[in-house]
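Subject: Structure for you to look at

Hi,

Here is the structure I promised. Please open it and follow along with the notes below.

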Amino acid sequence: MPNRADFDAANASYVAGFSAGGKPMPPKRQALVIACMDARLHPEKALGVEIGDIHVVRNAGGRAVDALRSVTISQQLLGTTEIYILHHTDCGMLTFSTAQLQGIVKERLGADDGTVYHEFSDLEQSVRDDVALLRASPLVAPGTPITGGVYDVHTGKITWLE
Ligand SMILES: [Zn+2]
């Protein structure tokens, strides 16, 4: 566990300066962001939000289909009323196909992988597809404003597409 000691030291420092322990569970800004797990994207920093402000759901690609369970919990139990989709330039999801990854899993792990990975070949279209998926979903509260954008990993700039 090569990172464990560093993580512990960093957390001790974090705890020493921590003052956000009194926040309520529902996000203050009533927003949910679905973002890619890419290590170059820090949604909270890019959006200027603090502890307690928003929900951030992350997965490979920031795909809405993987986030629906969290969207329901966020909206129905914790009061969020707007949703943002955040994909990014140079995403790993642009670099493989489900068939290729299933082949890698078979070769390296010996497992038959039935997972659909929801990779994409067009970044902006992937954002529009996820906005459309949420708008069409019966699990998303009717009338929820849904915005999709692209984060540029080279500049930090977010461009909203719709
Ligand atoms: Zn990504």
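Start with Val 15, which lies in helix α1. Helices here are DSSP runs (H or I, at least four residues) and strands likewise (E, at least two), numbered from the N terminus. This is a predicted model, where local features need pLDDT of at least 70, side-chain atom pairs count only at pLDDT 80 or more, and totals for chains, interfaces and linings use all residues. Residues are numbered from 1 along each chain as its sequence is written, and side-chain values use heavy atoms, with hydrogens and water left out.

Val 15 counts as exposed, because its relative accessibility is 52%. The cut-offs are under 20% relative accessible area for buried, over 50% for exposed, and partly exposed in between (1.4 Å probe, protein chains only). None of the 13 residues of α1 is buried, so the helix lies largely in the open.

Now the rings. The whole structure holds three aromatic pairs. One of them is Tyr 14 with Phe 18: centres 5.4 Å apart, planes at 55°, so tilted. Rings of Phe, Tyr and Trp (its six-membered ring) pair if their centres lie within 6.5 Å; planes under 30 degrees apart are stacked, over 60 edge-to-face, the rest tilted. Tyr 14 is partly exposed at 47%. Phe 18 is partly exposed at 40%.

Last, the metal. Cys 36 (SG), His 88 (NE2) and Cys 91 (SG) coordinate the zinc ion at 2.0 to 2.3 Å. Donors are N, O and S atoms within 2.8 Å of the metal (3.2 Å for Na, K and Ca); water is not among the atoms, so sites may look incomplete. Both Cys 36 and Cys 91 are buried.

Best wishes
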